[in-house]
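Subject: A structure for you to look through

Hi,

Here is the structure I promised to pass on. Please open it beside this email and look up each residue as you read.

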Amino acid sequence: MGENNYAKELDVAVRVVHMACSLCQRVQEGLVSSTSNDHVKSKDDDSLVTVADWSVQATVSLMLSASFSNQKVSIVAEEDVQTLSNSDSVGLLTAVVNTVNECLAEAPKYGLQSPKEALGTSQILEAISRCNSTGGRNGRHWVLDPVDGTLGFVRGDQYAVALALIEEGKVVIGVLGCPNYPRKKEWLNHHQSYQSMPKMSDTSDTWEKGCVLYAQRGSGEAWMQPLIHGNKKHTWSNSAQRVQVSAIDDPALATFCEPVEKANTNHSFTAGVAHSMGLNKQPLRVHSMVKYAAIARGDAEIFMKFAQSGYKEKIWDHAAGVIIVEEAGGVVTDAGGHPLDFSRGLYLEGLDRGIVACSGTTLHEKLIGAVYASWESSNL
């Protein structure tokens, strides 16, 4: 498979994810500044994260279709258009239409083309509903999680925009936008209230907060760009830095991250694994696929997730993160050490117990061993 087979796809995907991050930031600033607002309530803060979800999905769908108009663009994505078409969602729908049009108007800033005129409701609903592919082992499918980490988004904490391309059942490119990725890795921990962090001033270093990571299968390289802030003209070519996994292979020095929510992983089991493996540090609990970004950037060495039995992991929650970690030099498998299979539709079927990602093979072997040992002594 030629190195540049996916040059255009990767280029467009990176630009589109930058656009989507900017859209999310705009909506999130609205959320943080207007918590007293009429239509915003706790995780029915849903309404704003929903606006972000659907707006990102519409924007990505429209930009991919416009950029690859010569092919049938197949997109697998999380959000279903049904609820948005309900009559009681009129306010949300108006917000989505406005948000998408504002975002599309900025496309030239990202080196992409804006539509000739503002799009109407039906065009935007159609763009969202086109994202109805079920993936599989044949053909090429874009896989999108428009806002991964809903709670992180609502709390002003970590969340991600994830876009990957799967061809013939294999992930071939991955792009992960992390709008709130902090300047100092200690701030990743979700207990750090985002609002109490030093605010960014426009004159400061562009690497302060937020990044987009990306990789192409087989390149052996993963890259990171700073988010584009304000109206600065972005020079694409020289803003990327290569990222690599951490060289730490001693469990006593390793940092491990896991989901924040108890519903998403078994914290007591992972604590047992950590103990058995000799991990001394407290786990870093981080919302969303930003955990994969932390491994790829070398800010953490281990990520493990053991969902409740019966829970099926979805491909859009992992595809982009997995390829970026692998190309940055890391290892991602299920808990039995098998590679994740992205060719079986919407879910990672046949997954052995959980998902583990490590910065290198030494830690990975120790982790798999510790999982087996802990599994025997617990009856998960």
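Below is what was found in it, starting with the whole protein and then moving to single parts.

A word on the ground rules: this is a predicted model, in which local features need pLDDT of at least 70 and side-chain atom pairs count only at pLDDT 80 or more, while totals for chains, interfaces and linings use all residues. Residues are numbered from 1 along each chain as its sequence is written, and side-chain values use heavy atoms, with hydrogens and water left out.

**The whole protein**

The protein has ten helices and twelve strands. Here helices (H or I, at least four residues) and strands (E, at least two) are DSSP runs, numbered from the N terminus. Of the 380 residues, 57% are buried. Buried means under 20% relative accessible area, exposed means over 50%, and partly exposed is in between, with a 1.4 Å probe and protein chains only. The accessible surface comes to about 15900 Å², and 49% of this surface belongs to carbon and sulfur atoms. Those areas come from the Shrake-Rupley method with a 1.4 Å probe; for residues, only the protein chains shown count as cover.

Contacts tell you about the fold too. Among the contacts with a separation of 6 or more, 74% are between residues 24 or more positions apart. Contact means heavy atoms within 4.5 Å.

**Two pairs of helices**

Two packed helices are described by the angle between their axes and the distance between the axes. The axes are lines fitted to C-alpha atoms, for helices over the stretch in contact, and the angles run from 0 to 180 degrees between N-to-C directions.

Start with helix H4 (residues 90–105) and helix H5 (residues 121–129), which pack at an angle of about 85 degrees with their axes 10 Å apart. That angle makes H4 roughly perpendicular to H5. For the naming, angles under 35 degrees count as roughly parallel, over 145 as roughly antiparallel, 65 to 115 as roughly perpendicular and the rest as oblique. On the H4 side, the contact is made by Leu93, Val96, Val97, Val100 and Asn101, and on the H5 side by Thr121, Ile124 and Leu125. By class, the contact of H4 with H5 has six nonpolar, two polar and no charged residues. In these classes, Ala, Val, Leu, Ile, Met, Phe, Trp, Tyr, Cys and Pro count as nonpolar, Asp, Glu, Lys and Arg as charged, and the others, Gly among them, as polar.

Now turn to helix H7 (residues 267–277) and helix H10 (residues 361–377), whose axes come within 8 Å and cross at roughly 120 degrees. H7 is therefore oblique to H10. H7 brings Phe269, Gly272, Val273, Ser276 and Met277 to the contact, while H10 brings Leu363, Lys366, Leu367, Ala370, Val371, Ala373, Ser374 and Trp375. Nine of these residues are nonpolar, three are polar and one is charged.

**A covered helix**

His141 is in strand S2 (residues 140–148). Is His141 buried or exposed? With 9% relative accessibility, His141 counts as buried. Leaving out residues up to four places away in sequence, His141 touches Ser74, Val76, Ser133, Gly135, Gly136, Ala164, Leu165 and Ile166.

Ser288, with a phi of about 75 degrees, is in the loop between S9 and helix H8 (290–296). Ser288 is buried, at a relative accessible area of 12%. Arg353, with a phi of about 65 degrees, lies in the loop between strand S11 (331–334) and strand S12 (355–358). Arg353 is partly exposed, at 21%.

Finally, Asn266 sits in the loop between strand S8 (256–258) and H7 and is partly exposed, with a relative accessible area of 23%. Asn266 and Gln308 are 42 residues apart along the chain, and their C-alpha atoms are separated by 7.0 Å.

Enjoy exploring!
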